[in-house]
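Thanks for coming. I will go through some local geometry and then some packing, with the model on the screen.

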Amino acid sequence: MLFLWLVFAVGVARGALPPLRLPDCTPAQTTPFSDVNPISLFGVNHEIGIKATPHRVGSLRQQGPLPTGHFATNHIKNSNIWPMIVTPYQSLLTDHGAVHDAYTRDRWSDPERSDLMEQQSPWEAGKPWNKLNDMGSNMRQMTSGPDGNPRSAFTGNSGVQISIDGAVEPEMKSFGDLYANFLYSGFNGGTMEIPLVRGASLMTHILKSATPVVKPFCLSSINGNSVSFDCPLEPSAGDGGGGHLEGECHGSTLTITLHNSKVIRDLTKVQWAAESKVNWGNTYMRTCDANLCSLEDGGKTLKVRVPNAAGAMNFAVNYIGHYLLPPDWTNKPEEAICTSKRGIFDLHMSATCQPSRDMTITFDLGSEGFPGLSMFQYALEPAAVWLSDTGYVPPMRTCTPDKCQHVGNKVIIKTTSSANNYKLALNVIGARTFPYLRWLEEPYQGVCDGSTITDSSSSSSSTTTPSNNNNNNPLTAATTRPTQPPPTTPRPNDSQNTNTPPRDTGNPNIALDTPTTKFVMELDEPGSDLPGMTRKFILYFSSPVVPKVNKGSRTIRFEPPRGGTYSGLLQLGYAGSSQRGDGSQTSFLDPYVGIYSYMPEVQYCVSESANKGFLSFDWHPVDVTGNYARTGSLLMVSMPHHDLLMFQPAVDTPFTFKGYVSNEWVMELQVLHTEVDPDPSGVLVVKNNPSQLQDILTAIERDAQNENLDAVCSHTDSYNGGKAIGMVTRLASLSRAFGTDHYIKLEGSIRNCLEKWLRIQDTLDAMWKLRYDDVWGGLFLRATGDPEVYWGVDYGFPYYNDHHFHLGYFIYAAAYYVKYHQSWGRMHKERIYALARDVGNPSNKDNFFPVSRQKDLYTGFSWASGLVPGTRQEESASEGINCYHGLAALGDAFGDRNMKQTGQILLAMEVHSVREYWQVRAHNKAHFPPAIQEYGVVGMVTEPHFYAYTLNWPCYPNIFPQRHACLVGIQVIPITAVNKYWMDKEWADSISDTCQYAINPSSHPSYHLAEMTKDLSIELESGWKAFCHAAMAPLDSAHALAAANYVRDKKSQELVGGTGAASTLLFIYART
């Protein structure tokens, strides 16, 4: 279906929404759904505050409910903070200052940023390390790292940090649908306010009596003057990959081989464990070092050579941050059989240290052959620094002729101890270590007083004389300390840079002691891949300042020419990445400086006379005085779904998003199907086709016989209970539409279930009783009988995850039941309204619920995430649509125009954005990376990656290509009267190959190459097959027939929860 959307972008006074000229178009924001205190209905609960106490909010909670799905929630839901994607910037506000980096649209489609995670990809037969990614792979599009490190994530170590002297942790002072304002306080009453606004082309900082302190990461020049700051290199997903593990023995050496699908750039990121089988369980992971580990095959193969191996050996590998092999390594390790060919206990050592600190170490080889000096190693360090708290790990030094001699059957090492009290360990590579056990943790310890230690001496805490049985660890050990973060990679030095010092970048070589208002900063791309490229960031001040560079702290202070503190604006702009010295874009933002959006406002309404909806973003531009800007131009940046609506000419920007010079955007939206009941015209089509009618009637009968809502409702979580009541509701509506009497019994079950969850009957277990959380403001379920409410119970619902999914099903059911049972609805209206207020409240005048909890009015779609740690993501976009469809239908059932119109607007926005960001279509294909273009669908949208092709749960079987069906199906569930708005012919064409391979894996061109594992040979579950068939049905009559033939005889238990055969068939036949 092609949507007819219109938009007007005009400059008008604040709050003057043009559609208000229509007499029946009243903004929904003016009136809340209700003002009833939900505590009077459900009681109160506070325990969410134990694990999710609001942070950085000051007294905001006393002023009203707090946002749990807002972009700023990333900064207030925990003592930890996660980046905020503001678009076209990303920000991290720490107690050291606000770090801002660019967030550009071209990153969405760049194949260099695609991380193929490969966990569920089949492998080529005989080559387990070679994943057949063309059959399908989990992937994520890494969109937050700079171009020089494209598969990294933004963590506050790139871009530009802006702070003030004495800054402490910021406090959120206000928030709205499109903004959040944070305030830093500093020395002597100085402050810096940061109005974070979605779509702002400049990041504005409002300073009062404060000294701005700026830290540009990777700085190479400012206004043409060379200034070199450190350039941190964040960990990259490109360092990961998929791996395969092998082990084999050569004599007493166990060689562990890790085949990785990507280059391993840092072997210290790999840990290994190896132990005799009888001792496995007491083992630990050791960090790779150059003594035992080596990289081959260009870095894609890593080998660990473990000496002293004998008998049955267990082993495992951990590629830190990427994968464990085997996954259940503690219980099911890999195994190899080793037969020692060397009498390792015939080797002996002694060491004598004289008062002069001259040391002689002697290896006695006994009957063993001499393997060469390079096979002998020693570690000798002062006792005070061996494994000290600084993280120092003593190295093994390999023998060289100047230190070591081979005399007869002995090897003699002459060296010097640097301290009287020393610790010592020795290694004969491939044979044994001295001490025999735990040389790193329990080395020999001695004093330089002429005394001698031997291999029969005690180590620092245990004897080293081995017993001749397999109960001892026969392995050398590397460090057991946790792997430390990688060291900061210094910025490439001048010898690495391919260009000469910077050329003119817009402010032609202005001396650093010259007062000015504009500073062009060139930031090197991190890493070594783009040495000739720099990222251009511009600092704009509202009055002249002088920079004071501190190379020690890598900061720049900006002070007025006559000293003192600064009051005014500091605006940060991004001018793209290009060749060093290229200033072609550094003046792009100049016309928009001095104006910024402050506390913008969203309004929406529906005109029934025009049958149109209207959505307004009033950006409220202000100038340096803080007053409404009467002059100047405001540039706001759009996302692609806005561009489809805009008739005004767009501006190309360095962010590669479009921009619009306007004080207000007003968009006109199509009103979609509102009622729960199917479209009568579609029902008529089926009734006029006897064969299809019989299929529907048979399916209604079978679904009604197999539904078990009465049994399920009281004994399940809110998500699965919601899906169950949603399925029965849809079935009841079909029963009414096709004139059967099944709805009578079904409606009794619907009422019974609603009354339980609304606490009218109040018979559910305590953990499933809704209460009002007064810590954040919203509906709460404990969802567990345990003393502590954990993050993951009921899919995170206690912490405001997925509220629109779970409650959306109950709202949908209530909408249907109230429509046909008005007196019941009036009797329990406020309880039902509490559900609607929790997810769809339109007005900040509601003192108990935030505005549209999960909905992001800038992106147009919702986020499933709440207070659970981490950034925001949304998986099942179709279940979000279901929520707003239910909200509109509930308003319609109650005759509540405000609720109905709120639901209609939120529904229209959600559908429009789902079509744009979850589905590959002709007009948007170039926005997706190649893998998503091929699959035709997105598994989830996330903040740090935007596009991700993966799931938060296992499909069955959990392997590609079958797994594709779950990724398609999760964007189909549930099938209702509104699915036609995104499940159309165009999308069916995009996902047809993906679904065909999932349904029939052998049809994939690479299937014959794959290892025939148990998972790959398992047939896809019927419910996910049905979703794929339904999604392909709009393509043509052949696919519709195939879909109907597959679904026709299915019981509801053979389909995914929340779905029935009658519902699916009606969509296949009539798209309703």
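Proline 974 sits in the loop between helix H17 (964-969) and helix H18 (985-999). The peptide bond joining isoleucine 973 to proline 974 is cis, and its omega is about -10°. Helices here are DSSP runs of H or I with at least four residues, strands are E runs of at least two, and both are numbered from the N terminus.

Before going on, the conditions: this is a predicted model, in which local features need pLDDT of at least 70 and side-chain atom pairs count only at pLDDT 80 or more, while totals for chains, interfaces and linings use all residues. Residues are numbered from 1 along each chain as its sequence is written, and side-chain values use heavy atoms, with hydrogens and water left out.

Another cis bond runs from threonine 87 to proline 88, with omega near 10°. Proline 88 is in the loop between strand E3 (84-85) and strand E4 (89-94). As background, most residues other than glycine have a negative phi, and most peptide bonds are trans.

Methionine 599 has a phi near 50° and lies in the loop between strand E41 (596-597) and strand E42 (601-607).

Now a hairpin. Strand E31 (residues 404-407) and strand E32 (residues 410-416) pair antiparallel over 4 bridges; pairing requires that DSSP finds at least two bridges between two strands. Glutamine 405 has isoleucine 412 of E32 as its bridge partner. There are 2 residues between the strands, and glycine 408 in the turn has a positive phi of about 60°.

Next, helix H22 (residues 1061-1070). How many of its residues are buried? The count is 10 of 10, so H22 is mostly covered. Those buried residues pack against helix H6 (680-687), helix H7 (690-706), helix H9 (718-737), helix H20 (1022-1032) and helix H21 (1037-1047), where contact means heavy atoms within 4.5 Å. Arginine 1071 follows H22 and has a positive phi near 60°.

Take H9 against H22. The angle is about 60° and the axes are 9 Å apart; axes are lines fitted to C-alpha atoms, for helices over the stretch in contact, and angles run from 0 to 180 degrees between N-to-C directions. That makes H9 oblique to H22, given that under 35 degrees counts as roughly parallel, over 145 as roughly antiparallel, 65 to 115 as roughly perpendicular and the rest as oblique. On the H9 side, Arg730, Leu731 and Leu734 meet Ala1062, Ser1063 and Leu1066 of H22.

Last, helix H11 (residues 803-820) and helix H13 (residues 829-840) pack at about 140°, with axes 10 Å apart. H11 is therefore oblique to H13. Residues in this contact include Leu807, Phe810 and Ile811 of H11, and Ile832 and Leu835 of H13.

That is the end of my list.

Notes:
Buried < 20%, exposed > 50% of the residue type's maximum accessible area, 1.4 Å probe, protein only.
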